[in-house]
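Please look over the chain below with this briefing at hand. The notes are grouped by topic.

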Amino acid sequence: VTGSYAHDMMIRDRKDLSDIKELISSHGSDTVEKLAKILDEKKCTEKDLEKTLSIWADSFAGELLNNAQNINGINVIAVHLDDMDLDRIKLIGDAIRRKGGSSVALMSITINLTSAQLCCVVSDDVLASTSLKAGKLISLAAKLAGGSGGGRPHLATAGTKSPDMVVLAIEKFPDLVRETLA
């Protein structure tokens with residue numbers, strides 16, 4: 001890079017560096033060290049958040065498991081959750097799989113009143129000893145809700161543009177489990 005292009009690039013880089021210094025409140029030659037410290041703090045904060053979310057998900061899963069239906073020795077959970085996103089219900093699903101013994105869960109969320117998502121999880125022992133698979137169960141539940149989905153045997157997701165129909169999928173989920181086991 002030479003000539004006026006190199007000069008323009010140098011001016012842009014200096015402007016960027018000046019903007020970075022202002023953003024991190026660096027007024028001397030310690031910009032790199034200060035930025036490195038901020039990034040380290042960010043990493044620590046993210047790890048703390050992950051730990052906190054894991055503890056929260058374990059607690060939430062425990063509450064859901066306390067209210068689970070027992071079908072042929074399997075804890076069956078079917079619930080609509082408010083004020084959550086798909087990542088959170090997947091965390092809860094992982095916690096159910098870890099802590100719930102023999103368990104199967106269908107959780108749903110509404111997104112902006114215009115669509116809904118469903119997440120199904122099946123514990124490893126249930127996968128090994130029965131015909132229950134999250135991908136199959138989510139397909140059946142999603143059809144009831146006017147949507148479609150799929151996934152792996154232990155975790156599957158689905159979506160629908162008819163959030164009001166998710167209630168039917170949640171209500172019928174225990175029956176879907178019974179029918180699939182039969």
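Contact here means heavy atoms within 4.5 Å of each other, and helices (H or I, at least four residues) and strands (E, at least two) are DSSP runs numbered from the N terminus. On that basis, the buried residues of H2 pack against helix H1 (3-23), strand E2 (74-80), helix H3 (86-99) and strand E3 (103-111). This is a predicted model, in which local features need pLDDT of at least 70 and side-chain atom pairs count only at pLDDT 80 or more, while totals for chains, interfaces and linings use all residues. Residues are numbered from 1 along each chain as its sequence is written, and side-chain values use heavy atoms, with hydrogens and water left out.

**Helix H2 and its packing**

- Helix H2 covers residues 31-66, which makes 36 residues, and it reaches 52 Å from its first C-alpha to its last, close to the 52 Å expected at 1.5 Å a residue; the expected span is 1.5 Å times one less than the number of residues.
- The buried positions of H2 are Thr 31, Leu 53, Ala 57, Phe 60, Ala 61, Leu 64 and Leu 65, where buried means under 20% relative accessible area, exposed means over 50%, and partly exposed lies in between (1.4 Å probe, protein chains only).
- H2 and H3 pack at an angle of about 65° with their axes 8 Å apart; axes are lines fitted to C-alpha atoms, for helices over the stretch in contact, and angles run from 0 to 180 degrees between N-to-C directions.
- The two helices H2 and H3 are therefore roughly perpendicular to each other, since angles under 35 degrees count as roughly parallel, over 145 as roughly antiparallel, 65 to 115 as roughly perpendicular and the rest as oblique.
- On the H2 side, the contact is made by Leu 53, Ser 54, Trp 56, Ala 57, Asp 58, Phe 60, Ala 61, Leu 64 and Leu 65, and on the H3 side by Arg 88, Leu 91, Ile 92, Ala 95, Ile 96, Arg 98 and Lys 99.

**The sheet and the helices across it**

- Six strands form an open sheet in the order E1-E2-E3-E4-E6-E5, with mixed pairing; two strands pair if DSSP finds at least two bridges between them.
- At the edges are strand E1 (69-71) and strand E5 (148-151), each of which pairs on one side only, and neighbouring strands of this sheet are turned by 20° against each other on average, direction ignored.
- Strands of a sheet pair through backbone hydrogen bonds, either parallel or antiparallel.
- E2 and E3 run parallel and are joined by six bridges, with His 80 standing opposite Ser 108 in E3.
- E3 and E4 pair in the antiparallel sense over eight bridges, and the bridge partner of Thr 110 is Ala 116 in E4.
- E4 and E6 are also antiparallel, over six bridges, and Leu 118 stands opposite Ala 158 in E6.
- E5 and E6 run antiparallel with four bridges between them; a hairpin of three residues joins these strands, and Gly 151 stands opposite Ala 156 in E6.
- H2 lies across E2 and E3, running at about 110° to E2, whereas helix H6 (residues 166-181) lies across E1, E2, E3, strand E4 (115-122) and strand E6 (155-160), running at about 165° to E2.
- E4 is mostly covered, as seven of its eight residues are buried.

**Individual loop residues**

- Ser 25 has a positive phi of about 55° although it is not a glycine; this residue sits in the loop between H1 and H2 and, at 41% relative accessibility, counts as partly exposed.
- Asn 112, in the loop between E3 and E4, takes a positive phi near 50° within a hairpin that has three residues between its strands, and Asn 112 is exposed, with a relative accessible area of 68%.
- Leu 132 lies in the loop between helix H4 (124-129) and helix H5 (134-144), and at 0% relative accessibility it counts as buried.
- Leaving aside its neighbours within four places in sequence, Leu 132 is in contact with Ile 74, Val 104, Val 122, Val 126, Leu 127, Leu 137, Val 177, Thr 180 and Leu 181.
- The C-alpha atoms of Leu 132 and Leu 176, which are 44 residues apart along the chain, are separated by 9.8 Å.
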